[in-house]
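Please keep the sequence and the structure in view while going through the numbered points.

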Protein chains: 2
Amino acid sequence: MAMITVRALLFDTVGTLLDWRGGLIAQLQTWGAAHDIAADWPGLVDAWRLDFVLSIAKVSAGERDWANQDQLQRESLARLAPQFGMPELHRDALEELTLMWHELPAWPDSVAGVEKLRTRYIVAPLSNGHVAMLIHLARATGITWDAVMGADIFRHYKPDPETYLGAAALLGCEPAEVMLVACHPSDLDAAAKCGLRTCYVSRPLEYGQGRVVEATPDAGHFDLMVGNLLELAEAMDC
Amino acid sequence: MAMITVRALLFDTVGTLLDWRGGLIAQLQTWGAAHDIAADWPGLVDAWRLDFVLSIAKVSAGERDWANQDQLQRESLARLAPQFGMPELHRDALEELTLMWHELPAWPDSVAGVEKLRTRYIVAPLSNGHVAMLIHLARATGITWDAVMGADIFRHYKPDPETYLGAAALLGCEPAEVMLVACHPSDLDAAAKCGLRTCYVSRPLEYGQGRVVEATPDAGHFDLMVGNLLELAEAMDC
């Protein structure tokens with residue numbers, strides 16, 4: 001792939017390693033049944049995710065102060081819930097539902113793939129989640145990391161260059177020695193602009209069966225394109 | 001011990017988990033034999049360590065810009081080597097010897113102790129080393145962390161409060177929910193001033209047999225006092 005040796009792999013987490021949509025819908029259905037609340041859970045989850053993307057864009061643009069993912073998700077949920085058939089949510093319920101983002105299931109290949117890749121490379125998440133959230137997700141899914149790069153370390157969200165360059169610096173690597181592994185082309189394009197290597201992982205079920213949000217990139221657009229992390233491990237000689 | 005539950009343990013690393021003195025002397029002896037250089041290795045190692053303490057005090061006082069442990073150790077070594085019978089060291093040798101700080105052996109109880117404690121608590125190093133160094137040390141010794149708190153994340157060295165409070169914040173904890181585990185009373189006193197819990201671990205061989213640098217604290221001065229990390233695991237119900 002390259003004259004420069006990759007020493008570390010950074011992983012987008014929510015989407016690339018974890019099935020946020022399926023996981024949240026399942027948790028909300030259980031919660032709704034326990035509280036006798038029926039709502040459009042898939043609709044709410046899709047809107048909640050989109051609202052987070054809009055919230056972090058405001059932070060990046062300097063239109064609002066830094067706030068971590070929990071804070072932003074809580075605010076979004078309070079705003080969105082009534083539109084999807086839910087009653088007004090009080091503080092404890094908002095907190096409980098927001099923390100569902102800390103309990104997302106891994107895709108079937110994620111844990112074994114990271115474990116294999118860790119035998120030869122330094123591995124760390126680089127996520128718009130915060131460190132405490134990423135620790136919880138790692139313990140819940142059984143992923144072992146060498147370090148945890150949450151957005152709160154940099155007080156910047158991806159795709160701000162401070163995140164990619166900051167993570168490479170903390171790993172003691174040149175940007176070209178680090179590869180970002182992600183299922184979102186926009187994330188990878190931003191990393192490539194900072195000089196990182198890129199691996200696109202296809203996650204066709206991220207937004208639900210048959211729903212595409214970002215088009216599949218052309219062959220050759222990124223350094224690697226794989227169907228899952230076990231394929232990546234094989235491509236990286238692990 | 002407390003009405004407030006401890007959720008996370010932070011570990012001083014160089015000294016508390018790792019035998020820096022014994023490890024460096026052994027590496028330098030091997031290096032010296034290979035390069036036909038005989039020098040006062042214990043004397044050099046003791047002076048090197050002390051010079052690092054003085055260097056970080058200058059960073060804390062704002063007398064010099066931030067520099068990570070590798071940079072500071074490299075400068076110290078260049079200055080100290082001639083005093084201990086070594087020839088002038090050129091760039092590659094300085095780099096090779098500085099990286100000996102990334103290859104320190106663990107005390108016999110460190111790996112098993114952290115592993116036991118991790119079954120119930122979030123565990124992370126809080127070190128004046130940097131993230132890349134701490135990753136290397138963890139992989140070399142076989143310690144698994146939930147996150148890695150290097151001084152470069154905060155661009156402050158212990159005992160600056162930014163390190164203790166910054167680490168607690170990244171872990172999503174109140175200071176009182178975090179316990180620092182360290183063999184240096186000065187480190188623990190600074191953590192206690194920030195509201196953290198404290199556990200003193202006795203490491204009587206840190207500075208070599210029979211040499212004491214900081215006096216053993218009085219019983220009751222810290223929240224816990226243990227002889228090793230397996231004792232701590234037992235005291236913490238792991």
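1. A salt bridge is a side-chain nitrogen of Lys or Arg within 4 Å of a carboxyl oxygen of Asp or Glu. By this rule, A:Asp12, A:Lys158 and A:Asp187 are linked in a network of salt bridges. Over all chains the count comes to 22 salt bridges.

2. On the basis of the note: this is a predicted model, in which local features need pLDDT of at least 70 and side-chain atom pairs count only at pLDDT 80 or more, while totals for chains, interfaces and linings use all residues. Residues are numbered from 1 along each chain as its sequence is written, chains are lettered from A and ligands numbered from 1 in the order in which they are written, and side-chain values use heavy atoms, with hydrogens and water left out.

3. How is chain B related to chain A?

4. The contact (heavy atoms within 4.5 Å) takes 20 residues from chain B and 20 residues from chain A. Because 100% of the interface residues of chain B are also interface residues in chain A, the copies meet through the same surface. Between them the chains bury about 1500 Å², with 59% of it on carbon and sulfur atoms; buried area is the accessible area (1.4 Å probe) that two parts lose on being put together, summed over both. B:Ile135, B:Arg139 and B:Leu170 supply 38% of the area that chain B buries against chain A, more than any other three residues.

5. Across the interface of chain B and chain A, the rule finds two salt bridges. B:Asp146 forms a salt bridge with A:Arg139, with the closest N and O atoms 2.5 Å apart. Helices α6 (131–141) and α7 (151–154) of chain B each supply at least two residues of the side that touches chain A, and α6(B) gives the most, with four residues. Helices (H or I, at least four residues) and strands (E, at least two) are DSSP runs, numbered from the N terminus.

6. Within chain A, the side chains of A:Asp51 and A:Arg79 meet in a salt bridge (2.3 Å, N to O). A:Asp51 lies in helix α2 (residues 41–60) and A:Arg79 in helix α3 (residues 69–80) of chain A, so the pair ties together parts that are 28 residues apart in sequence. Buried means under 20% relative accessible area, exposed over 50%, and partly exposed in between (1.4 Å probe, protein chains only). A:Asp51 counts as buried at 13% relative accessibility, whereas A:Arg79, at 45%, counts as partly exposed.

7. A:Arg118 and A:Asp146 also join their side chains in a salt bridge (2.9 Å, N to O). A:Arg118 is in helix α5 (residues 110–118) of chain A, and A:Asp146 is in the loop between α6 (131–141) and β3 (149–150) of chain A, 28 residues apart.

8. A:Val114 is found in helix α5 of chain A and is buried, with a relative accessible area of 1%. Leaving aside neighbours within four places in sequence, the residues in contact with A:Val114 include A:Phe11, A:Trp145 and A:Leu229.

9. Two backbone features deserve attention. Most residues other than glycine have a negative phi, and most peptide bonds are trans. The peptide bond from A:Lys158 to A:Pro159 is cis, with omega near 10°, and A:Pro159 is found in the loop between α7 (151–154) and α8 (161–170) of chain A. A:Arg155, although not a glycine, has a positive phi of about 50°. A:Arg155 is placed in the loop between α7 and α8 of chain A and counts as exposed at 54% relative accessibility.
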